[in-house]
Amino acid sequence: MTIGTGIGGGIVREGDIVDFGDAGEAEIGHMVVMPQDGFVCGCGNRGCLETVASGPGLVNLARKRAQDCPVAWQDSAIAHRALYDARFTAVDLFEAYAQDDAFAGETVRIAAGFIARALASVIQIVNPDVIVIGGGVGTSSECFIRLIAEQTYPLVMPSLRGRCCFARSQLHEQVVTQGAALLAARMLGTNRSC
Ligand SMILES: [Zn+2]
């Protein structure tokens, strides 16, 4: 799973990406996690995971929380920025989260909960050995991955709960370029590993 500007997925089996055809697969970012009052997604649907848990999605979520509870967060500098600063990004949110800001902490926890709901369903369908999380947002904080894991396990049926572990991608933000290079190498018929 890659969490960055959007949220993407891929299923790897015995070292190869499982290919179901040209239409794509593992569109984890477009699993609907907010069916009511969800944000409009680039795919045309509403309430997709990436509208609340990608980089721009975290900004959506922070703005909504600051708007919905203005009194509760009236003294929060980061909530104020989420509402009024057009340059506010997920990087700002994670910086505040790392400094134990309450508004940022709750927002990140809620986003991790949405990701957990999607991943619990993935685990029940695919039963993977490991979920690797990459992307600029996904690898920005070890704590974020831990939050996702903690909220995923209770949602998984008990017999599958202990099998799957979570790992942070070692490719960090390079996951897209590395994947594109590997795909290009394969299309050119070379077997050389990237
Ligand atoms: Zn979507």
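Helices (H or I, at least four residues) and strands (E, at least two) are DSSP runs, numbered from the N terminus.

**View 1. Secondary structure of the predicted model.** The protein contains 8 helices and 6 strands. Their order along the sequence is β-β-β-β-α-α-α-α-α-β-α-α-β-α. Residues are numbered from 1 along each chain as its sequence is written. Because this is a predicted model, local features need pLDDT of at least 70 and side-chain atom pairs count only at pLDDT 80 or more, whereas totals for chains, interfaces and linings use all residues.

**View 2. Confidence in strand 4 and helix 1.** The pLDDT, the predictor's confidence in each residue from 0 to 100, averages 91 over the protein, and 97% of the residues score at least 70. Confidence is lowest in strand 4 (residues 16–17), with a mean of 84, and highest in helix 1 (residues 50–53), at 97.

**View 3. Glycine 179 in helix 8.** Helix 8 comprises residues 175–187 and includes glycine 179. This glycine counts as partly exposed because 17 C-beta neighbours lie inside 10 Å; a residue is buried if 20 or more other C-beta atoms lie within 10 Å of its own, exposed if 12 or fewer, and partly exposed in between, with C-beta atoms placed from the backbone. Of the 194 residues in the protein, 34% are buried.

**View 4. Glycine 179 and arginine 87.** These residues are 92 positions apart in sequence, and their C-alpha atoms are 30 Å apart in space. The C-alpha trace of the protein spans about 60 × 40 × 35 Å along its principal axes.
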